[in-house]
Amino acid sequence: MNVHPYLLISFLVCNSRIKKMAIQKTQKGKTKVPRSPTLILTIFIVAIALLYILFSPNGFSFSTSISKNSVNLKKHRQHNGPHKYLYWGNRIDCPGKHCDTCAGLGHQESSLRCALEEAMFLQRTFVIPSRMCINPIHNNKGIFHQLSDSTSEGRWADSSCAMDSLYDLDLMSDTVPIILDNSEMWHHVLATSMKLGSRGVAHVEGVSKTDLKQKSLYSNILLINRTASPLSWFAECKDRKNRSSILLPYSFLPSMAAEKLRDAAEKIKKLLGDYDAMHVRRGDVLKTRKDRFGVERSVHPHLDRDTRPEFILCRIAKWVPPGRTLFIASNERTPGYFSPLAVRYKLAYSSNYSSILDRLIENNYELFMVERLILMGAKTFIKTMKEDDTDLSLSDDPKKNTKKWEIPVYTRDDENC
């Protein structure tokens with residue numbers, strides 16, 4: 001039987017309040033009723049049994065299984081200062097209105113990075129979810145095997161994966177101390193919270209991280225619980241445009257890939273040799289909708305055009321000389337879609353290295369993490385849309401848009417190609 005961490009934390013606070021009420025009631029009574037030693041012993045044994053059931057990994061738990069690669073407890077204890085903890089939920093962007101579904105890896109990483117940054121700022125250990133939800137839209141086998149099959153048979157079955165199958169949590173903990181929410185350490189923290197009562201846990205919503213750090217009401221609490229917020233986690237990082245407030249770069253989580261994924265990427269990079277690379281995102285971002293006049297509109301009006309082979313050839317000519325090896329990572333499922341680029345470049349895809357990846361990859365999140373490491377190792381890396389001013393990109397459409405829906409453009413802007 002699984003118990004939601006938020007419910008258990010709430011139970012700890014309520015239990016503390018009940019104890020206080022019982023003490024106050026006893027103090028107000030005029031006489032004290034003698035208690036039988038046998039009754040006291042019985043109550044004590046029952047309490048111990050309940051604690052064992054609640055906090056034993058084989059009893060109630062927060063996840064389906066205890067991770068075999070839990071974050072090293074000894075390493076956790078090596079961090080200086082008293083240990084205090086930050087908990088945002090048992091799944092990224094959940095609790096809240098996003099529990100019924102989940103975003104793709106990139107959006108979930110934005111949320112996770114936001115939570116990790118707050119833990120760094122507060123100098124607290126972050127309680128990281130033991131599993132990551134996998135959006136079925138982004139879990140199609142055809143992306144890896146260059147197939148057009150989008151049926152259930154063409155998908156990986158898992159709806160989630162272990163967090164430590166994606167990330168090297170020991171390596172991550174060198175920068176931000178973390179523990180898994182299905183670890184013995186987390187159970188110990190909850191047990192300690194029970195003993196501390198109201199000083200053990202604080203449920204917060206709408207409280208700035210500055211107040212959480214500076215006000216003793218929060219700073220002296222063992223565990224800060226953020227699960228009250230109904231928003232996506234990344235919504236807490238509203239000041240991310242202020243570069244001085246960013247504690248972790250976008251490259252942090254990609255560089256924290258699990259060791260098996262890093263090793264696979266290194267093997268493929270050695271086989272590629274000297275290469276260039278580009279990430280071509282199509283699929284879900286090409287969606288359109290009709291306005292009240294029946295006209296198709298898109299939030300990325302040039303993206304479909306800019307990611308077509310003939311336009312890609314024109315765009316990258318000034319960055320990638322003819323004859324170069326070009327590694328392509330894309331969610332485009334049409335077989336042979338990028339073949340026209342072969343007139344100028346030696347094309348390579350992750351599917352070319354199935355001997356390395358087939359026995360390793362279990363979902364598209366793992367595949368993309370390997371591809372992302374390969375992209376980062378290229379001599380010239382071209383993104384779909386710019387994230388920074390210095391990025392090379394296939395399209396000039398902004399990645400972060402104002403939700404303005406425009407009529408798609410398919411004509412060439414210039415005739416230089």
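**Reading salt bridges, strands and helices**

Q: Which residue forms a salt bridge with Glu332, and how far apart are the closest N and O atoms?
A: Glu332 forms a salt bridge (a side-chain nitrogen of Lys or Arg within 4 Å of a carboxyl oxygen of Asp or Glu) with Arg282, and the closest N and O atoms are 2.6 Å apart. The pair links distant parts of the chain, 50 residues apart, with Glu332 in the loop between E11 and E12 and Arg282 in the loop between E8 and strand E9 (289–290). These labels number helices (H or I, at least four residues) and strands (E, at least two) as DSSP runs from the N terminus. The model is a predicted one, in which local features need pLDDT of at least 70, side-chain atom pairs count only at pLDDT 80 or more, and totals for chains, interfaces and linings use all residues.

Q: Are Glu332 and Arg282 buried or exposed?
A: A residue is called buried under 20% relative accessible area, exposed over 50%, and partly exposed in between (1.4 Å probe, protein chains only). Both Glu332 and Arg282 are buried, and they also belong to a network of salt bridges that links Arg282, Asp304, Arg308 and Glu332.

Q: How many salt bridges does a search of the whole structure find?
A: The search finds 18. One of them joins Arg324 to Asp276, whose closest N and O atoms are 2.7 Å apart. Arg324 lies in the loop between helix H14 (309–316) and strand E11 (325–330), and Asp276 in strand E8, so that the pair links parts of the chain 48 residues apart. Arg324 is buried, with a relative accessible area of 14%, and Asp276 is buried as well, at 1%. A further salt bridge is that of Asp396 with Arg315, at 2.8 Å between the closest N and O atoms. Because Asp396 lies in the segment after E14 and Arg315 in helix H14, this pair ties together parts that are 81 residues apart in sequence. Asp396 counts as exposed, at 57% relative accessibility.

Q: What is the order of the five strands in the open sheet?
A: Two strands pair if DSSP finds at least two bridges between them. Here the order is E12-E11-E8-E13-E14, with parallel pairing. Strand E12 (346–348) and strand E14 (392–395) stand at the edges with a single partner strand each, so one side of each has no neighbour in the sheet. From one strand to the next, the twist averages 25 degrees.

Q: Which residue in E13 is the bridge partner of Met278?
A: The partner is Ile382, and the pairing of strand E8 (residues 275–280) with strand E13 (residues 381–385) is parallel, over two bridges. E13 is also joined to E14 by three bridges, again in parallel, and Met385 stands opposite Ser395 in E14. Four of the five residues of E13 are buried, so E13 is largely enclosed by the rest of the structure.

Q: At what angle do helix H4 and helix H16 pack?
A: Two packed helices are described by the angle between their axes and the distance between the axes. Helix H4 (residues 105–122) and helix H16 (residues 364–376) pack at about 80 degrees, with their axes 11 Å apart, which makes H4 roughly perpendicular to H16. Axes are lines fitted to C-alpha atoms, for helices over the stretch in contact, and angles run from 0 to 180 degrees between N-to-C directions; under 35 degrees counts as roughly parallel, over 145 as roughly antiparallel, 65 to 115 as roughly perpendicular and the rest as oblique.

Q: Which residues in H4 meet H16?
A: Leu105, Gln108 and Glu109 in H4 are in contact (heavy atoms within 4.5 Å) with Tyr365, Phe368, Met369 and Arg372 in H16.

Q: Where is Asp93 found?
A: Most residues other than glycine have a negative phi, and most peptide bonds are trans. Asp93, found in the loop between strand E1 (85–87) and H4, has a positive phi, near 65 degrees, and is buried, with a relative accessible area of 7%. Gln123, in the loop between H4 and strand E2 (125–128), has a positive phi near 55 degrees, but is exposed, with a relative accessible area of 65%.

Conventions. Residues are numbered from 1 along each chain as its sequence is written. Side-chain values use heavy atoms; hydrogens and water are left out.
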